[in-house]
Amino acid sequence: MLVADLHFEKGSSYLQKGLYIPPYDTRSTLSMLEGVTGRLKPRRIVCLGDSFHDTAAGERIEPTDLERIRRLGEMVDVFWLTGNHDPRLPQGLGGRVAAELALGPLNLRHLPRSSLSSELEIAGHLHPVASISRRGRRLTSRSFVANDQRLIMPAFGAYTGGLDVWAPEISSLFVEGRFTAWMIGRAAVYGFSSRHLD
């Protein structure tokens, strides 16, 4: 199972900067992660970087939340890939830490490469969201963005924002801006060609 951009302790980071938002994002994100893990029962979880919002997150995280993370690592094999927000991960998480993980021709990483030759890539970092208009309504949701060579994962964290798939940071990764956005709905994931997106 792959997840990207959990951003544990983003709320407590904002509190330190004087932005008063409820600092419960880690608990909420963990509950979602535990729920998905319980349903899918994966043998391995790969976290594609920015699992923690900053390198001091391990000092702010509640001990009970850290213990939940450790327990998850006892149930399944967890790989923590480093990201731009968390080049160093907190001690005592369990699991294994790496910059990238190669599975044959498939490379799992945090930052997508600007160009790919023959390799395949799954990356995070960009928090894609897509929008589509139907019957006079505009719908926007977190989305997977993919072509036959690359997949950009949506952010999993409770407090993570999103970047529109038409932003150059995302659309330029796909030849001529051609891709499929897999929009996450309440009960299913819906695929739309880029030519149908707002």
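**Exercise 1. Which residue in E4 is the bridge partner of Phe79?**

Before we start, note that this is a predicted model, where local features need pLDDT of at least 70, side-chain atom pairs count only at pLDDT 80 or more, and totals for chains, interfaces and linings use all residues. Residues are numbered from 1 along each chain as its sequence is written, and side-chain values use heavy atoms, with hydrogens and water left out.

*Solution.* 
- Step 1: Find the strands, which are DSSP runs (E, at least two residues; helices are H or I, at least four), numbered from the N terminus.
- Step 2: Look at strand E3, residues 77–81, which runs parallel to E4 and is joined to it by 3 bridges. Two strands pair if DSSP finds at least two bridges between them.
- Step 3: Within E4, Arg96 is the bridge partner of Phe79.

**Exercise 2. Is Gly83 buried or exposed?**

*Solution.* 
- Step 1: Locate Gly83 in the loop between E3 and E4.
- Step 2: Its relative accessible area is 12%, so Gly83 is buried (buried is under 20%, exposed over 50%, partly exposed in between, with a 1.4 Å probe and protein chains only).
- Step 3: Leaving out residues up to four places away in sequence, Gly83 touches Gly49, Asp50 and His110 (contact means heavy atoms within 4.5 Å).
- Step 4: Leu111 is 28 residues from Gly83 in sequence, and their C-alpha atoms are 7.3 Å apart in space.

**Exercise 3. At roughly what angle do the axes of H2 and H4 cross?**

*Solution.* 
- Step 1: The axes of helix H2 (residues 25–40) and helix H4 (residues 63–75) come within 10 Å and cross at roughly 20°. Axes are lines fitted to C-alpha atoms, for helices over the stretch in contact, with angles from 0 to 180 degrees between N-to-C directions.
- Step 2: That makes H2 roughly parallel to H4 (under 35 degrees; over 145 is roughly antiparallel, 65 to 115 roughly perpendicular, the rest oblique).
- Step 3: Residues of H2 including Thr26, Leu30 and Leu33 meet residues of H4, among them Asp65, Ile69 and Leu72.

**Exercise 4. Which residues is Thr26 in contact with, leaving aside neighbours within four places in sequence?**

*Solution.* 
- Step 1: Thr26 lies in helix H2 and is buried, with a relative accessible area of 1%.
- Step 2: Its contacts are Phe8, Glu9, Ile61 and Asp65.
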